[in-house]
Amino acid sequence: MSAGRLFRNEAVPWMSDEDNLTGNRSHCSALQPFWDYLSQNHHHLLRSPLFPVLLSVTTYFFLVGFYTTFDLLAPTWPCINRYRLHPDRPVTWPNIWTTLGVTIYNHLLYILPSTIAQWLWRPPTPLPSEAPTILSFSLGILGCMMLFDFQYYLWHLLHHRIPWLYRTFHAVHHQYNQTFSLVTQYLSGWELFSVGFWTTIDPILLRCHCLTAWSFMVLNVYVSVDQHCGYNFPWALHNLVPFGLWGGAPKHDAHHQRPGTNFAPFFSHWDWLGGTHTEPTPSGHASAGEPDKTKHRKD
């Protein structure tokens with residue numbers, strides 16, 4: 001799951017609708033002081049159609065830079081290397097340059113033109129005066145996660161089950177069967193567009209406040225990078241969410257090892273229901289050596 005989130009556009013009328021999830025002053029939202037500070041001190045930035053792009057790009061490269069630094073330190077820092085899913089398979093500079101090159105290519109070819117189009121043709125984002133309530137904010141985030149999870153599960157499953165779709169669009173992402181953060185956007189333009197479309201449209205369908213929509217965008221970027229980071233930190237979400245309900249880096253790494261499994265991006269329930277769930281095991285990891293760039297596979 002990748003920077004396709006950058007295609008979102010917040011300059012749409014639903015954000016000023018009094019009947020959406022924003023609530024009203026009578027709710028006395030705990031988020032109101034924070035929202036007042038943002039809207040009063042960063043009004044022009046928040047209203048700019050470029051803001052969602054700036055926010056998601058900054059979030060993505062910050063997280064990738066964080067994990068890539070860990071990747072470079074891990075071979076000589078046992079305190080980091082112990083948390084890697086493949087501690088005996090270091091991430092190399094050729095791996096970094098190759099995946100970074102595709103990321104920059106995707107940004108120049110897809111993200112930059114969409115950013116310019118938003119800047120030229122879309123009106124400024126209307127900022128509602130009221131902040132969302134804690135309840136509407138939480139339900140909005142959860143609703144977007146559940147809807148996106150279902151959409152991407154079906155998309156992902158079809159692109160593995162239909163050989164033409166896999167070969168044409170999704171196979172590039174599976175050239176690496178060991179995940180590390182820069183693999184997140186090692187993907188095709190179609191996948192970038194698809195994920196970006198759902199990230200844009202889901203908060204609109206659920207009539208979310210713009211603060212909720214932007215927060216979901218940041219969360220989506222974080223989850224995408226975290227899934228591919230190649231680390232099993234104790235504080236990672238998959239270790240905090242009970243009953244194995246969350247996917248996380250180990251399960252997505254298992255997907256790259258066994259591509260017929262673990263298709264959902266957030267939760268595990270669709271994989272359980274669809275019979276595609278698998279637990280990560282040491283035996284599922286590839287043999288020692290540098291991160292493996294494999295040939296295209298279907299399942």
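## Cavities

A cavity is a set of grid points where a 1.4 Å probe fits but cannot get out. Rolling a probe the size of a water molecule over the atoms shows where empty space is left. In this predicted model, there are two cavities of 30 Å³ or more. The largest cavity holds about 80 Å³ of space.

Eleven names make up the lining of this largest cavity: Gln227, Gly247, Gly248, Lys251, His252, Asn262, Ala264, Phe267, Ser268, Asp271 and His277. By class, two of the lining residues are nonpolar, seven are polar and two are charged. Helix 11, which covers residues 248-257, gives the largest share of this lining, with three residues.

## A residue in the cavity lining

Asn262 is one of the residues that line the largest cavity. Its place in the chain is the loop between helix 11 and helix 12, the latter being residues 269-274. Is asparagine 262 buried or exposed? Asparagine 262 has a relative accessible area of 5%, and buried means under 20%, so asparagine 262 counts as buried. The backbone of asparagine 262 has a positive phi of about 50°, although the residue is not a glycine.

## The largest pocket

The model also has pockets to consider. The largest pocket has a volume of about 210 Å³. It is lined by 13 residues, and those closest to its centre are Phe34, Leu38, Leu46, Phe51 and Leu211.

Which helix gives the largest share of the pocket lining? That is helix 9, with four residues. The lining of the largest pocket has eleven nonpolar residues, two polar residues and no charged residues. For the largest cavity, the lining includes two charged residues.

Leucine 206 and arginine 207 both belong to the loop between helix 8 and helix 9. Helix 8 spans residues 189-205. Leucine 206 has a relative accessible area of 31% and is partly exposed. Arginine 207, at 33% relative accessibility, is also partly exposed. Partly exposed is the range between buried, under 20%, and exposed, over 50%, so both residues fall in that range.

Arginine 207 has a positive phi of about 55° and is not a glycine. For leucine 206, the C-alpha atom is separated by 7.4 Å from that of glycine 143, and the two residues are 63 residues apart along the chain.

## A nonpolar surface patch

Which residues make the nonpolar surface patch of about 810 Å²? They are Ile104, Leu108, Leu112, Ile116, Trp119, Leu120 and Trp121. Isoleucine 104 lies in helix 5, which runs over residues 93-121. A residue in a patch needs over 30% relative accessible area. Isoleucine 104 has 40% relative accessibility, so isoleucine 104 is partly exposed.

## The chain as a whole

The protein chain has twelve helices and zero strands. The chain has 299 residues, and 54% of them count as buried. Asparagine 262 is buried, with a relative accessible area of 5%.

Terms used: Residues are numbered from 1 along each chain as its sequence is written. This is a predicted model: local features need pLDDT of at least 70, side-chain atom pairs count only at pLDDT 80 or more; totals for chains, interfaces and linings use all residues. Side-chain values use heavy atoms; hydrogens and water are left out. On a 1 Å grid over the protein atoms alone, a cavity is a set of points where a 1.4 Å probe fits but cannot get out, and a pocket is an open set with protein on both sides within 12 Å along at least five of seven lines; lining residues have an atom within 4 Å of a point. Grid points are joined across faces, edges and corners, and a volume is the space filled by probe spheres set on the points. Helices (H or I, at least four residues) and strands (E, at least two) are DSSP runs, numbered from the N terminus. Ala, Val, Leu, Ile, Met, Phe, Trp, Tyr, Cys and Pro count as nonpolar, Asp, Glu, Lys and Arg as charged, and the others, Gly among them, as polar. Patches are made of residues with over 30% relative accessible area and no salt bridge: like charges are joined within 9 Å, nonpolar side chains (Val, Leu, Ile, Met, Phe, Trp, Tyr) within 5 Å. Accessible areas come from the Shrake-Rupley method with a 1.4 Å probe; for residues, only the protein chains shown count as cover. A salt bridge is a side-chain nitrogen of Lys or Arg within 4 Å of a carboxyl oxygen of Asp or Glu. Buried means under 20% relative accessible area, exposed over 50%, partly exposed in between (1.4 Å probe, protein chains only).
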